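Thank you all for coming.

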Amino acid sequence: MNLTVELAGLKLQNPVMPASGTFGFGEEYASYVDLNALGALVTKSITLEPRLGNPPPRIVETPAGLLNSIGLQNPGLEAFIREKMPFLRRFRPPIIVNIAGSTVDEYAELARRLGEVPGVAALEVNISCPNVKEGGMAFGSEPEQAAEVIQAVRRVTTLPIIAKLTPNVTDIVAVAQAVERAGADALSLINTLVGMAVDWEKRRPVLGNIVGGLSGPAIKPIALYAVWRVARSVKIPVIGMGGIMTATDALEFLLVGARAVAVGTANLVSPQAMLEIIEGLREYLMQNNIDDINKIIGSLELTSPL
Amino acid sequence: MNLTVELAGLKLQNPVMPASGTFGFGEEYASYVDLNALGALVTKSITLEPRLGNPPPRIVETPAGLLNSIGLQNPGLEAFIREKMPFLRRFRPPIIVNIAGSTVDEYAELARRLGEVPGVAALEVNISCPNVKEGGMAFGSEPEQAAEVIQAVRRVTTLPIIAKLTPNVTDIVAVAQAVERAGADALSLINTLVGMAVDWEKRRPVLGNIVGGLSGPAIKPIALYAVWRVARSVKIPVIGMGGIMTATDALEFLLVGARAVAVGTANLVSPQAMLEIIEGLREYLMQNNIDDINKIIGSLELTSPL
Amino acid sequence: MALWVGEVVTNFPTGPGIYRLRLKAPIEETKPGQFVHLRCGSGYDPLLRRPLSIHDFDPGKQEIEFLYRVVGKGTAWLAARVPGERISGLGPLGRGFVVPFGKRLALVAGGMGLAPLFFLAREAVAQGNRVTFYQGARSRNYLLRERELAELGVELEIATEDGSAGFTGLVTDLLADQITSQQFDGIFACGPRDMLAVVASLAATHLIPAQVSLEEHMACGLGACRGCAVPIYQEDGNLTYENVCSEGPVFPAHRVAWDVFGR
Amino acid sequence: MALWVGEVVTNFPTGPGIYRLRLKAPIEETKPGQFVHLRCGSGYDPLLRRPLSIHDFDPGKQEIEFLYRVVGKGTAWLAARVPGERISGLGPLGRGFVVPFGKRLALVAGGMGLAPLFFLAREAVAQGNRVTFYQGARSRNYLLRERELAELGVELEIATEDGSAGFTGLVTDLLADQITSQQFDGIFACGPRDMLAVVASLAATHLIPAQVSLEEHMACGLGACRGCAVPIYQEDGNLTYENVCSEGPVFPAHRVAWDVFGR
Ligand SMILES: Cc1cc2nc3c(=O)[nH]c(=O)nc-3n(C[C@H](O)[C@H](O)[C@H](O)COP(=O)(O)OP(=O)(O)OC[C@H]3O[C@@H](n4cnc5c(N)ncnc54)[C@H](O)[C@@H]3O)c2cc1C
Ligand SMILES: Cc1cc2nc3c(=O)[nH]c(=O)nc-3n(C[C@H](O)[C@H](O)[C@H](O)COP(=O)(O)OP(=O)(O)OC[C@H]3O[C@@H](n4cnc5c(N)ncnc54)[C@H](O)[C@@H]3O)c2cc1C
Ligand SMILES: Cc1cc2nc3c(=O)[nH]c(=O)nc-3n(C[C@H](O)[C@H](O)[C@H](O)COP(=O)(O)O)c2cc1C
Ligand SMILES: Cc1cc2nc3c(=O)[nH]c(=O)nc-3n(C[C@H](O)[C@H](O)[C@H](O)COP(=O)(O)O)c2cc1C
Ligand code: FES
Ligand code: FES
């Protein structure tokens with residue numbers, strides 16, 4: 001039985017990987033998850049300089065969802081290369097480094113520098129973070145700007161580029177097609193939806209940053225729709241994410257056309273979520289006598305079989 | 001204690017009304033709810049001609065949410081006036097008729113005709129329905145188009161106009177300001193978010209229409225954020241909605257700046273939801289010694305009081 | 001038509017994943033084919049109420065019974081209830097079966113379709129009808145309430161797909177075998193949609209009026225949201241969508257547009 | 001640091017809305033100040049685990065105890081558990097208190113801050129410390145585990161806001177009254193943030209090292225998501241955010257940037 005999928009020139013032993021920012025730099029989960037069992041390793045977003053992140057509280061639970069305003073807290077590019085990469089390199093799955101910049105130049109600089117770092121297999125370009133004042137989502141909200149970032153990155157690297165898109169737009173297909181033309185090799189979607197929570201007793205926003213990004217089961221219908229639309233409109237593969245908690249959730253994303261899936265909030269609920277999802281996919285294929293997971297991808301039937 | 005709010009020239013005895021489409025034409029709920037207790041009566045969307053609506057299944061539950069693809073099933077303008085208005089007119093609260101067109105002219109024609117109908121207190125212009133092929137959300141997705149619809153309606157009616165906006169846009173503030181300039185007297189937000197559900201066993205979309213609109217508690221953080229942003233950016237009042245299930249949910253919308261709230265999915269779970277919300281707001285004011293609900297509106301504290 | 005809080009009297013398994021729930025509830029009257037909309041839990045997941053047919057009714061004690069299969073989180077929540085717990089209910093809702101007097105009737109139940117037809121059988125016998133009750137199931141251990149059905153005085157005909165009891169095959173095959181000789185005045189059916197479509201076509205062929213109880217995902221249960229629409233031919237032949245909750249769940253079989261369902 | 005399924009041994013109310021839960025869980029060792037991340041229910045509402053301090057630990061029986069107040073849906077779910085039920089747990093997590101040997105210590109508990117400090121008191125006494133235990137509560141009936149604390153051999157000092165037992169006022173006022181005369185070598189505190197800030201300032205004024213256990217909303221509990229960050233001064237004086245779950249919940253009081261919290 002084949003669980004292997006190809007994605008932007010990478011060969012993944014299975015289509016399941018962590019969603020950036022929910023798996024730290026792997027270390028935190030290493031005692032719960034055999035990192036070698038994953039399809040890929042995806043880092044938290046890295047910025048050029050270290051970032052403190054946003055004031056607390058940074059997270060709040062909402063019905064079937066999680067609102068976060070971490071604000072890209074990370075040790076910065078050089079500390080990442082020095083302190084985090086050596087650990088990640090100990091494992092077999094390809095390492096996808098997620099990068100975020102405040103300017104187009106910063107994205108390019110991050111990409112250039114990471115191109116020199118052994119073990120980096122691909123870049124996930126986060127143009128969709130709702131939790132930072134400059135850059136982030138602003139870049140991903142308009143097709144032209146999104147394309148500009150991807151072009152700048154494309155110019156300085158031969159690494160596969162995965163553009164991570166925001167659902168907070170009128171037409172995600174337009175953004176997807178623009179970054180495809182600009183040279184992206186794959187797409188990740190969706191990042192979180194912008195949201196807010198209010199503490200009615202204190203009459204204040206719950207989050208220190210006032211607004212945050214919504215993830216988890218609550219957003220799965222929105223994510224499935226985005227992936228379905230985009231997968232039908234571009235030639236490059238899509239990594240689907242948004243509310244995947246179980247193997248059947250992952251299957252739904254594959255059915256609508258995702259080549260691989262990323263698991264985010266579920267990791268925060270159960271550190272073994274990804275392993276269970278991989279196991280569940282394997283069982284599903286077995287029980288349905290399907291020898292290759294690629295046969296599932298995009299196999300949603302649209303017409304009623306009556 | 002004052003629960004009265006003013007909205008687009010209407011005086012509402014309290015700020016709680018049904019969200020269009022979740023309360024039929026009132027009749028269906030009349031044996032559960034004293035319609036005279038509500039702040040206003042809001043009808044399902046009316047179109048010029050009768051609409052069959054979309055093929056089943058039309059609804060599916062998602063985590064803490066509801067995905068619907070009703071597709072504006074309604075008896076059409078004339079049947080509405082003939083068969084539904086007489087019942088609605090029996091009650092005291094202002095009647096807000098929600099209208100939806102496939103073309104700008106249709107919106108104008110609906111508005112013109114409804115201006116002649118006794119008992120119609122205001123029009124809610126639905127430029128945000130995700131479940132129809134023509135019109136609907138397409139109009140609400142771009143500021144210019146949205147403004148065009150509102151202008152056309154403005155030209156033919158002196159009734160208060162409430163523009164109902166979609167959250168499926170890059171910048172809801174731009175749309176809000178455009179319809180404000182075009183002559184809207186108030187705004188309703190948010191309509192549903194576009195989403196999809198997949199039946200992994202059958203490998204098919206669950207909904208007959210493939211995609212639908214997501215409502216319910218799952219979307220509350222997104223709705224609160226939209227209302228908060230828009231209420232700070234326009235001068236006309238905002239009716240807030242999206243996942244309001246309880247009085248404290250309603251309170252949160254008032255705190256971020258909504259002048260009134262609409263209750264949708266909650267009606268479908270409990271026909272007495274609105275009454276409980278009104279009662280809960282009254283209790284909250286009493287327990288906190290607030291004599292006027294208007295003092296709550298927009299009173300969210302943004303700075304830490306430390 | 002009311003919103004109430006009922007109290008669990010009993011709730012026990014009675015087949016593979018199948019439970020019988022008895023609720024004390026302020027219901028004065030109801031008829032076979034009507035249903036109750038039950039809130040499952042107090043949180044937002046599950047969010048909507050779940051419709052369950054009234055399986056039996058004891059007006060003296062004001063107790064209603066449900067027969068349900070655990071298929072997802074709502075019914076799983078129900079299955080975990082113990083006597084004394086409270087459940088919010090809305091109903092009885094919908095239009096039930098129209099039960100004739102003194103006729104020759106076939107009741108055709110596929111799987112959980114038995115739930116409303118048991119109550120219907122009781123009423124139909126009480127109204128002097130002669131009833132043949134066709135019960136179809138996957139296999140012998142999925143058969144439900146055989147003894148009580150016999151006690152009601154119906155003629156029980158069993159079909160199992162694996163042949164472990166009664167006729168081997170689908171219940172509709174069994175009905176087809178017997179329909180000519182039995183001279184039914186009316187057919188009443190509940191079960192999977194494919195089964196109902198076959199019953200409808202058999203009834204049409206033999207010119208027997210049939211009533212079928214349909215299922216559709218529901219939200220309000222009151223006819224307000226139009227969420228539970230099914231395609232129905234009007235008397236003038238035009239297609240329209242009617243609500244299972246308020247205009248059904250029982251429809252004349254010949255009016256259902258079997259071929260235009262969305263799935 | 002493990003993911004396990006525990007079994008409820010006992011779970012009963014022990015004060016107004018306050019419960020004690022005893023779980024059989026495969027935990028080999030833990031120390032005061034550590035916590036366990038409990039999954040509350042199996043659905044998506046509540047979604048995240050809930051952190052509860054380890055209130056007591058019986059290594060022989062492999063049983064841990066929690067003391068919790070019902071404040072929302074997660075703790076409400078916990079309160080409804082009965083013996084024999086299973087709960088998924090993650091932990092023990094976090095860094096606990098650093099307990100000295102043979103010193104003069106003040107333990108200061110505000111409200112539910114008692115939960116970890118009871119376990120700490122047991123360990124502190126076992127390590128030959130002389131312990132004064134300050135317990136602050138709204139009123140007499142919110143006081144917890146007085147008898148057991150006395151049995152542990154600590155000196156118990158009570159403060160209630162309404163004066164219904166012990167000192168009338170805040171527990172920090174009581175501490176302030178006694179801090180000069182008592183000559184503490186160390187202070188350990190858990191409770192509302194405002195209270196901890198006062199303890200920190202008292203400790204600083206009197207040059208007594210203090211450890212405080214902080215609370216913050218949590219997701220992963222493992223240090224991965226950075227969701228539970230609190231502002232902490234590094235030794236070089238620079239401000240940074242550290243995770244309550246992995247770098248806390250116990251922090252040296254003087255390193256916490258009390259004035260820059262976001263609320
Ligand atoms: C009028 C009516 C009467 C019914 N009577 C009975 C009965 O007596 N006994 C019984 O076992 N079942 C009955 N059903 C089906 C029952 O309502 C579903 O099995 C139940 O809602 C499933 O809920 P769940 O949360 O366990 O499953 P989930 O799959 O988790 O439910 C998810 C969503 O799908 C809906 N759904 C799933 N299956 C069905 C279905 N077959 N019909 C309608 N909605 C569905 C649920 O209501 C819910 O909104 C009836 C359905 C209708 C419409
Ligand atoms: C390290 C640590 C140890 C704790 N130990 C105890 C204990 O021993 N006994 C006890 O009664 N309480 C303790 N708490 C607080 C406890 O975790 C919360 O009361 C609980 O999570 C509330 O969940 P809920 O679903 O009942 O409330 P809800 O208000 O419905 O929770 C909503 C969300 O807010 C979070 N939340 C709410 N209040 C708090 C809080 N005070 N701290 C952190 N997150 C919160 C929840 O985790 C959840 O994500 C501890 C908190 C932390 C961080
Ligand atoms: C706590 C948290 C932190 C996140 N941090 C990042 C990040 O640093 N970079 C990024 O591209 N996405 C980040 N995301 C978004 C996730 O990668 C993912 O796109 C989103 O959460 C949807 O998936 P989910 O519903 O499975 O969580 C973060 C999400 C969460 C919940
Ligand atoms: C079943 C259903 C039908 C709806 N029909 C309409 C409609 O006809 N016109 C409209 O403007 N909005 C319609 N809506 C959107 C609601 O009015 C409301 O904007 C949305 O559901 C968010 O509120 P809620 O989360 O409280 O349901 C419908 C929503 C639902 C769930
Ligand atoms: S469920 Fe709302 S109309 Fe039937
Ligand atoms: S909860 Fe995730 S880092 Fe602390």
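I will talk about two ligands and their surroundings, and then about the contact between two of the chains.

Please keep in mind throughout that this is a predicted model, and that the values I quote are computed from it.

Let me begin with ligand 3, which has 23 residues around it, and of these Ser20(A), Ser45(A), Lys164(A), Gly243(A) and Thr265(A) come nearest. Sorted by class, the residues of this shell are six nonpolar, 15 polar and two charged. Gly243(A) takes part through its backbone, where a polar atom is 2.6 Å from an oxygen atom of the ligand, and Gly216(A) likewise places a backbone N or O atom 2.8 Å from an oxygen atom of ligand 3. With Asn98(A), by contrast, it is a polar side-chain atom that lies 3.0 Å from an oxygen atom of ligand 3. How much of ligand 3 does the protein bury? Taken alone, ligand 3 exposes 610 Å², and the protein buries 98% of that area.

Turning to ligand 4, we find 23 residues surrounding it, with Ser20(B), Ser45(B), Lys164(B), Gly243(B) and Thr265(B) as the closest. The shell around ligand 4 consists, by class, of six nonpolar, 15 polar and two charged residues. Here I would point to Ser45(B), where an N or O atom of the side chain is 2.7 Å from a nitrogen atom of ligand 4. Ligand 4 on its own exposes 600 Å², of which the protein buries 98%.

Chain B contributes 38 residues and chain C contributes 34 residues. Which side chains meet in a salt bridge here? Those of Arg50(C) and Glu61(B) do, at 2.6 Å from N to O, and the count between the two chains is two salt bridges. Eight residue pairs are in polar contact across this interface, both residues being at pLDDT 80 or more. On the side of chain B that touches chain C, the elements that give two or more residues are strand 5 (59-62), strand 6 (65-68) and helix 8 (265-269). The residues on that side divide into 20 nonpolar, 11 polar and seven charged.

Terms used: Residues are numbered from 1 along each chain as its sequence is written. Chains are lettered from A and ligands numbered from 1 in the order in which they are written. This is a predicted model: local features need pLDDT of at least 70, side-chain atom pairs count only at pLDDT 80 or more; totals for chains, interfaces and linings use all residues. Side-chain values use heavy atoms; hydrogens and water are left out. A residue is near a molecule or strand if one of its heavy atoms lies within 4 Å of it. A polar contact is a pair of N or O atoms within 3.5 Å; within protein, one must be able to donate a hydrogen and the other to accept it, and residues adjacent in sequence count only if both atoms are side-chain atoms. Accessible areas come from the Shrake-Rupley method with a 1.4 Å probe; for residues, only the protein chains shown count as cover. Ala, Val, Leu, Ile, Met, Phe, Trp, Tyr, Cys and Pro count as nonpolar, Asp, Glu, Lys and Arg as charged, and the others, Gly among them, as polar. Contact means heavy atoms within 4.5 Å. A salt bridge is a side-chain nitrogen of Lys or Arg within 4 Å of a carboxyl oxygen of Asp or Glu. Helices (H or I, at least four residues) and strands (E, at least two) are DSSP runs, numbered from the N terminus.
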